[in-house]
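Dear colleague,

I am passing on the structure we spoke about, and below it I have set out what I found when going through it. Please read the notes alongside the model.

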Amino acid sequence: MKWSPQDAMQAYLHTLQLLKCQTHSNDEDCTFGTRNIIRPQCMEFISALAAGNQAKLMVQVTSHQGINPLTIALAVAAKHTKARFVCILHQLQDLENCRAQLSCYDLEDAVELVHGNPCEVIMEFKNIDFAVIDCKFEGFSRLFEIIDVNPRGTIVVVSNILERGIGASFGEVIKGRTGLECVTRSIGEGMELTRIGLMNCCKPQKKRFKRFHVITFED
């Protein structure tokens with residue numbers, strides 16, 4: 001994915017501004033009830049990362065808690081890059097309530113809210129460029145196996161990894177796929193980021209040195 005510093009900066013500053021508004025807001029509908037779950041710098045970083053990489057298709061899998069600050073981060077990125085952002089909600093979540101929360105930040109048009117089993121819904125999307133998966137969703141391990149990533153470059157953020165227990169991380173699952181390589185890093189409390197790309201199958205070419213023979217003639 002081609003990096004755009006301008007898009008990254010715009011998304012970062014936009015998310016920062018929304019975070020300040022949320023901190024000073026007295027409207028319970030706009031706070032998600034999760035101010036202390038995700039550190040502010042992670043929101044700004046993830047939004048900038050998604051926008052800067054110009055992700056065309058972004059998918060978030062939420063838990064029963066519904067939309068959260070990461071939803072806002074990706075929505076901001078989608079708004080700046082005109083990307084498609086799909087948020088898969090738990091069936092118990094009220095769509096109208098979620099839209100109302102997003103409208104507090106003028107982001108309701110940047111997110112496609114979808115009800116359904118994430119393991120089934122996510123099969124509809126191919127070559128996902130950026131994904132966020134909440135380990136509080138019971139079927140997260142299945143998602144790790146079936147998600148269709150863009151082999152040219154995908155970033156997957158996994159949140160609430162303490163809920164994963166002793167299960168395999170997303171990076172460990174991806175390493176089992178032929179032709180792909182990945183790097184996983186911790187980016188905050190309870191969060192991991194995995195960057196995926198094609199494995200470099202080209203072996204470095206050995207330098208060839210020409211041999212020169214010096215012949216002398218004597219009279």
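A residue is called buried here when its relative accessible area is under 20%, and by that cut-off 50% of the 219 residues of the protein count as buried. Please keep in mind throughout that this is a predicted model.

On confidence, the protein averages a pLDDT of 83, and 80% of the residues score at least 70. Over residues 201-205, however, the pLDDT is below 50, and this stretch has zero contacts in the model beyond near neighbours in sequence. Where pLDDT is low, the predicted coordinates should not be read in detail.

As for the overall layout, there are seven helices and seven strands, which follow one another from the N terminus in the order α-α-β-α-β-α-β-α-β-α-β-α-β-β. Of the contacts between residues at least 6 apart in sequence, 72% join residues at least 24 apart. The protein exposes about 12,900 Å², of which carbon and sulfur atoms supply 51%.

One part of this arrangement can be followed in detail: strand β2 (residues 84-89) pairs with strand β3 (residues 112-115) in the parallel sense over four bridges, with Leu-89 standing opposite His-115 in β3. Together with helix α4 (residues 95-103), β2 and β3 make a right-handed β-α-β unit.

Finally, I looked at Lys-79, which lies in helix α3. Is this residue buried, exposed or partly exposed? Lys-79 counts as partly exposed because its relative accessibility is 37%, which falls between the cut-offs of 20% for buried and 50% for exposed. Not counting residues up to four places away in sequence, Lys-79 touches Asp-106, Leu-107 and Ala-110; the C-alpha atoms of Lys-79 and Leu-107 are separated by 7.6 Å, although the two residues are 28 apart along the chain.

Terms used: Residues are numbered from 1 along each chain as its sequence is written. This is a predicted model: local features need pLDDT of at least 70, side-chain atom pairs count only at pLDDT 80 or more; totals for chains, interfaces and linings use all residues. Side-chain values use heavy atoms; hydrogens and water are left out. pLDDT is the predictor's confidence in each residue, from 0 to 100. Contact means heavy atoms within 4.5 Å. Helices (H or I, at least four residues) and strands (E, at least two) are DSSP runs, numbered from the N terminus. Buried means under 20% relative accessible area, exposed over 50%, partly exposed in between (1.4 Å probe, protein chains only). Accessible areas come from the Shrake-Rupley method with a 1.4 Å probe; for residues, only the protein chains shown count as cover. Two strands pair if DSSP finds at least two bridges between them. A crossover is right-handed if, with the strands pointing away from the viewer, the path from the first strand over the helix to the second runs clockwise.
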